[in-house]
Amino acid sequence: MKATIWHNPKCGTSRKTLAILENLSKVDVTVVEYLKEPPSRHKLAQLFADAGMTPNEGLRLRGTDAEERGLPDADADTVLDAMAADPILINRPLVETDKGVRLCRPQDTVLDIL
């Protein structure tokens with residue numbers, strides 16, 4: 001099975017999720033450090049749709065200026081535009097497999113799509 005993780009190595013939950021993926025021999029993991037290689041706006045929209053969530057539900061509030069920018073109450077297009085321009089606003093880690101996409105908070109959520 002293939003899995004792609006949008007990863008921030010400074011995030012403990014992201015590191016724990018990656019460790020789960022790497023410890024399973026059946027998983028071929030692609031790691032994308034999304035702060036260095038941000039997903040496109042189109043890819044973000046697809047990830048959230050496949051996860052069954054809105055972009056607002058995937059918005060990172062802690063450690064960002066999202067609230068000051070009014071993003072929690074903004075429409076989905078505005079949130080996607082902001083995330084594409086400033087990937088720190090993307091909550092992490094997002095993991096995509098053939099079985100779906102999950103925002104892996106907590107990290108054990110990744111097991112749902114393996």
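Two strands are taken to pair if DSSP finds at least two bridges between them. Strands (E, at least two residues) and helices (H or I, at least four residues) are themselves DSSP runs, numbered from the N terminus. The model is predicted: local features need pLDDT of at least 70, side-chain atom pairs count only at pLDDT 80 or more, and totals for chains, interfaces and linings use all residues. Residues are numbered from 1 along each chain as its sequence is written, and side-chain values use heavy atoms, with hydrogens and water left out.

**Stop 1: the sheet**

Display the four strands together. They form an open sheet in the order β2-β1-β3-β4, with mixed pairing. Angles run from 0 to 180 degrees between N-to-C directions, and axes are lines fitted to C-alpha atoms, for helices over the stretch in contact.

**Stop 2: β1 and β2**

Next, select β1 and β2, which run parallel and are joined by six bridges. Which residue of β2 is the bridge partner of I5? The partner is V31.

Helix α1 (residues 12–22) lies across β1, β2 and β3 and runs at about 165 degrees to β1. Helix α2 (residues 41–51) also packs on the sheet, where it touches β1, β3 and β4, and its direction makes about 75 degrees with that of β3.

**Stop 3**

Select E33, which is placed in strand β2. Is E33 buried, partly exposed or exposed? Its relative accessible area is 28%, so E33 is partly exposed; buried means under 20%, exposed over 50%, and partly exposed in between (1.4 Å probe, protein chains only). Leaving aside neighbours within four places in sequence, E33 is in contact with H7 and P9. A C-alpha to C-alpha distance of 5.9 Å separates E33 from W6, although the two are 27 residues apart in sequence.

Move to T4 in strand β1. T4 counts as buried because its relative accessible area is 19%. With neighbours within four places in sequence set aside, the contacts of T4 are T30, V32, L94, V95 and E96.

**Stop 4**

Select strand β3 (residues 94–97). In a regular strand the side chains alternate between the two faces of the sheet. Here L94 and E96 point one way, V95 and T97 point the other way, and all are buried.

Strand β1 (residues 2–7) runs antiparallel to β3, and four bridges join the two. Within this pairing, A3 stands opposite T97. On the other pairing, β3 and strand β4 (residues 100–103) are antiparallel over four bridges, and V101 in β4 is the bridge partner of E96. A hairpin of two residues connects β3 to β4.

**Stop 5: T97**

Show the side chain of T97, in strand β3. T97 is buried because its relative accessibility is 9%. What lies 3.0 Å from a polar atom of this side chain? It is the backbone nitrogen of K99. The backbone oxygen of I113 lies 2.7 Å from a polar atom of the T97 side chain. A polar contact is a pair of N or O atoms within 3.5 Å; within protein, one must be able to donate a hydrogen and the other to accept it, and residues adjacent in sequence count only if both atoms are side-chain atoms. Apart from neighbours within four places in sequence, T97 is in contact with M1, K2, A3, I113 and L114.

**Stop 6: the cis peptide bonds**

Finally, select P93, in the loop between α3 (76–85) and β3. The peptide bond from R92 to P93 is cis, with omega near -5 degrees. Then select P106, in the segment after β4; the bond joining R105 and P106 is a cis peptide bond with omega about 5 degrees.

Technical notes. Contact = heavy atoms within 4.5 Å.
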